[in-house]
Amino acid sequence: MRYPTISLTCLSLLSTQALGRMAFPDCVDGPEILTTNLVCNTTASPAERAAALISAWNITEKLVNLVDKSLGAPRLGLGAYDWWNEALHGVGWSPGVVFAPSGEFSHATSFASPILLSAAFDDDLVHTVAEVISNEARAFSNFGHAGLDYWTPNINPYKDPRWGRGSETPGEDPFRIKGYVKALIDGLQGTEDITKVIATCKHYAAYDLEYWGGIKRYEFDAIVGMQDLVEYYLPPFQQCARDSKVKSIMCSYNSVNGTPACASTYLMETVLRDFWEWNDENQYITSDCNAILNFHEDHNYTTTAAQSAAISLISGTDSICEVGTNTDIVGAWNQTLLPEPVIDLALRRMYEGLIRAGYFDPIEATPYRSLSWKDVNTPEAQALAVRSAAEGIVLKKNDGLLPLKVDNATSIALIGFWSDATNLAMLGGYAGTPSYLQGPLQAAQKIGYKTINATGPLKQNTSDADTWTETALKAASESDVVIYFGGNDMTIEAEELDRFSIAWPSAQLALIEKLSDLGKPFIVVELGDQNDDTSLLNDGNVSAILWAGFPGQDGGTAVFDVLTGKTAPAGRLPTTLYPSDYVNQVPMTDMSLRPSETNPGRTYKWYDEAVLPFGFGLHYTTFKPSFGSDAFAEKTYDISELLSTCEERYLDLCPFKTVDISIKNTGNITSDFVALAFLSGEYGPAPHPIKELAAYTRVKEVKEGEEKKANLSLKLGDLARVDERGNTILYPGTYKFLLDVPTQDTVSFELTGEEKVLIEFPQPPEDLGEGNGHEKYTPK
């Protein structure tokens, strides 16, 4: 879904055009038909309360509440409710969120984008950020400025560097995404009996294309084999649904193997609700916005809007998001395509979600109703926003210039399109209105540095009129140190905007080369997703390179905290940095991961010619990580014995071993260290991946000469591999456990005995709508 992003003023105005203010129903002084309904009885179960509410509605009231702009039921004292609320990295602009023009609820904290937050590999940090976001989201809800549900997080694995929405995700590795998701969902939804906010994992499933090669996301049919589907595209959703019990999931625009995702009974019913048992709280599914319209307008799966509405709801979608009014639910009902029991089930699921969030409860019965404006953008939240960015920033290159050791007499040239805070570039996608924007220039001036500022190009070509080079070179020539702030913003990569090139924009690269030729201490700080840095890494005059993603409202402070050493860099790349020619080797529409004649392989698991690999990140000090001497002491483990002692409901969650590691700081600067551990070996079906992330942890503040201990926990599912039918299997063989990127220590162990299926995955029918009578709704 996309909401226009033009300017702070425009977006604030747009947010006030939401569907009225959200108001909690009044179960004390409301209409008698409401106050006497079981929905107001907090001692009844949420399912009973939801059923009682929906049974009191007439069919007209039911039909107008199956879309995101639900009109409520005034007869029952239920006001309108807008289900479209965003909070990707802070409460964000969206139809359901109302930012006031000024004063209370005029802004919210804008944290680092998910791709940068993920690069910290610190799930405690993710959880803390999520707690603050949910505090602010609840405060907005409590005072009618937003709903109780938020369409976050975006957990589609980021396998292709051209994808415009990659920065919204935690990166390319499903295991990393699962850890991020677990921490985030726990922080958003809370641990009380009352749901803090309803989180929504999106976009289910196999969605990672906007517009490429003449193909739009609205019409794209993702052809995915069972092995890739289960091994790569679905694990984050399994974590959301089966393990974290997220309250809501969004189905995606694209088709999967011939059937629109929001019409796939296989994905939504067989896998999600039945196999993953995501039905314990009658959780609901919402469509992406206009995804149902796409059934007949783009996928040619149906011929009318009524057919599309009917088939989506019958297949398992509960709420239909639309941009404008284009869903013919009334027509589906009038044409007898949509049975009332299907309508009732969808509404019961949706409103049970609201009931669990305390929508009908008295204030004193809900622990989160006390959150208010004083809990928004607090000093602690502002400090956390800086930390969320600084701890993920990745040091790609350093010839010893960093950390900067300069005094107030040293002049620094800050050059580039985001070198100050006059635009929204640092915020990235799905942001809200921040209370302030502090860019690099403002941060440097706050420190007291002597600065000279000049802008630079963004997506211009070298053939375009050059209005920046002369000014930039003049600023650089008059300075002692030159810092270039470049990369990509949302005019280069965004929703509905995939890239066709992953090279640096030519005008930017030309300016970098001219600045480099001056021979001064020269630092490049990169915004957005990865560009091919080969020439910068090879340029001896480029002293250092930092990647800063989209760092949020205080991105300038975060960058200078790292540049000066206030925060020692410890972030690791959450994606592979590909050479620019990679885009000519495989089409975006190819969903396969493994190498073939037409595919060089995707992600670090299957591609080994990266400019910089997944997990790469330098420090201001040096570290010696190693496994403990007793790591895998037994060396050999019988598969059947490992499983015989497991008491977990799902065998992939059975514990295997906890491995001790040692992190020694052999340099002279205190720093965090991210320990990444991978498994490698020729076990399971060929071809075998190069390696796969199996464990990680962030070890905090390791001092000069200090050696800190930590541990890495492994489950049997972390060792398993997926076969061509999508079954997760524990195989006998020799397993190598690799520590760090590049590898600094290795230990091996062996599994013996017969292979064991940990997860036998349900197989799809040839037609993913089979069994639901879809042919009745799709006359062509």
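Helices here are DSSP runs of H or I with at least four residues, strands are E runs of at least two, and both are numbered from the N terminus. Before going on, this is a predicted model, where local features need pLDDT of at least 70, side-chain atom pairs count only at pLDDT 80 or more, and totals for chains, interfaces and linings use all residues. Residues are numbered from 1 along each chain as its sequence is written, and side-chain values use heavy atoms, with hydrogens and water left out.

Is Lys182 buried, exposed or partly exposed? Its relative accessible area is 44%, so Lys182 counts as partly exposed. For these words, buried means under 20% relative accessible area, exposed means over 50%, and partly exposed is in between, using a 1.4 Å probe and protein chains only. Lys182 touches Gln239 and Ser244, leaving aside residues up to four places away in sequence; contact means heavy atoms within 4.5 Å. The C-alpha atoms of Lys182 and Pro236 are separated by 9.3 Å, although the two residues are 54 apart along the chain.

That brings us to helix H9, residues 235-243, where eight of the nine residues are buried. Among them are Pro236, Phe237 and Gln239. What covers the buried residues of H9? The cover includes helices H7, H8 and H10, along with strands S4, S8 and S28. Just after H9, Lys245 takes a positive phi of about 50°.

Next, a pair of helices. H17 (residues 469-477) and H18 (residues 506-517) pack at an angle of about 30°, with their axes 10 Å apart. Axes are lines fitted to C-alpha atoms, for helices over the stretch in contact, and angles run from 0 to 180 degrees between N-to-C directions. H17 and H18 are therefore roughly parallel to each other, a label for angles under 35 degrees. Where do they meet? Thr469, Ala472, Leu473 and Ala476 in H17 meet Leu511, Lys514 and Leu515 in H18.

Finally, the inside. In the largest nonpolar core, of 224 residues, Ile483 and Phe737 touch the most other members. Such a core is a set of buried Ala, Val, Leu, Ile, Met, Phe, Trp, Tyr and Cys residues joined through side-chain atoms within 4.5 Å. Helix H6 (residues 123-142) gives the most to this core, with nine residues. A second, separate core has 19 residues, including Tyr484 and Ile545.

Definitions and conventions
Angles under 35 degrees count as roughly parallel, over 145 as roughly antiparallel, 65 to 115 as roughly perpendicular and the rest as oblique.
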